[in-house]
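I opened the notebook to look up a few side chains, their neighbours and their charges. The entries below follow the order in which I went through them.

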Amino acid sequence: MNYAKIQRMATKGINFFSDDDGVFDLIVSGGGAELVDGEIVQKPEVVKKIKGAVREIKDRDINGDTILAGDKRGFFTHEVEISQGMIVVVDGEHYRVVNARPVKPTSTVVAYRPILRRVAVIG
């Protein structure tokens, strides 16, 4: 099976549904502070851009365990790896990836369909 072709098809579909507004910041790591030699050192965030779309989750899909009220569902291209714990910024609000849900029929990732949960940000 030609997974490169499937990746291109998935990316084309995601680009169609997400238009020009479908670029999100993905906070991969960093941020916060760390104690180094007795001094507090600010750690910069590592931020990447991801292409996709985010939508609300239907009430019937909320199970109170893996999907909670207020969670969102995303779908993103395969270009940037998305893992549990990363943060996606949606309309200025931070959402933690609680389940990355990669679409990968084999070891090749075609796209990501993460469940996103809003987190409080002190700023």
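**Entry: ground rule.** I count a contact when heavy atoms lie within 4.5 Å. The model is predicted, and I keep that in mind throughout.

**Entry: Ile82.** I looked up the contacts of Ile82 first. Leaving out residues up to four places away in sequence, Ile82 touches Leu26, Ile50, Phe76, Val97, Ala100 and Tyr112. I then checked the largest nonpolar core, which holds 15 residues. Ile82 is among the members that touch the most other members, along with Phe24, Leu26, Ile50, Phe76, Val88 and Val97. Which elements give two or more residues to this core? They are strand E1 (23-29), strand E6 (87-90) and E7.

**Entry: Ile62.** Ile62 sits in the loop between strand E4 (46-56) and strand E5 (72-77). Ile62 and Ile82 are 20 residues apart in sequence, and their C-alpha atoms are 22 Å apart in space.

**Entry: partners of E1.** I went back to E1 and asked how it pairs. With E4, the pairing of E1 is antiparallel and runs over 6 bridges. One of the residues I traced was Val23, whose bridge partner in E4 is Lys51. E1 also pairs with E6 in the antiparallel sense, over 3 bridges. There, Leu26 has Val88 in E6 as its bridge partner. Leu26 and Val88 are both on my list of core members that touch the most others.

**Entry: salt bridges.** How many salt bridges are there? The count comes to 6.

- Asp25 and Lys49 form a salt bridge, with the closest N and O atoms 2.5 Å apart. Asp25 lies in strand E1 and Lys49 in strand E4, so this pair ties together parts that are 24 residues apart in sequence. Asp25 is partly exposed at 27% relative accessibility, whereas Lys49 is exposed, with a relative accessible area of 55%.
- Glu34 and Lys43 form a salt bridge with the closest N and O atoms 3.7 Å apart. Glu34 is partly exposed at 39% relative accessible area. Lys43 is partly exposed too, at 36%.
- Asp71 and Arg117 form a salt bridge with the closest N and O atoms 2.8 Å apart. The pair links distant parts of the chain, 46 residues apart: Asp71 is in the loop between E4 and E5, and Arg117 is in strand E10 (residues 115-118). Asp71 counts as buried, because its relative accessibility is 3%. Arg117 is partly exposed at 21%.

**Entry: Arg101.** Arg101 is placed in the loop between strand E7 (93-99) and strand E8 (102-103). What is the nearest side chain of opposite charge to Arg101? I found Asp61, at 8.3 Å. Arg101 is buried yet has no salt bridge. The cut-off is within 4 Å. I listed the contacts of Arg101 as well, leaving out residues up to four places away in sequence: Arg73, Ala111, Tyr112, Arg113 and Ile115. Tyr112 is also on the contact list of Ile82.

Technical notes
Residues numbered from 1 in each chain as written. Predicted model: local features only at pLDDT ≥ 70, side-chain atom pairs only at ≥ 80, totals over all residues. Heavy atoms only, no water. Helix = DSSP H or I, 4+ residues; strand = E, 2+ residues; numbered from the N terminus. Buried < 20%, exposed > 50% of the residue type's maximum accessible area, 1.4 Å probe, protein only. Lys, Arg positive; Asp, Glu negative; His and termini not counted. Core = buried A, V, L, I, M, F, W, Y, C linked by side-chain atoms within 4.5 Å. Pairing = 2+ DSSP bridges.
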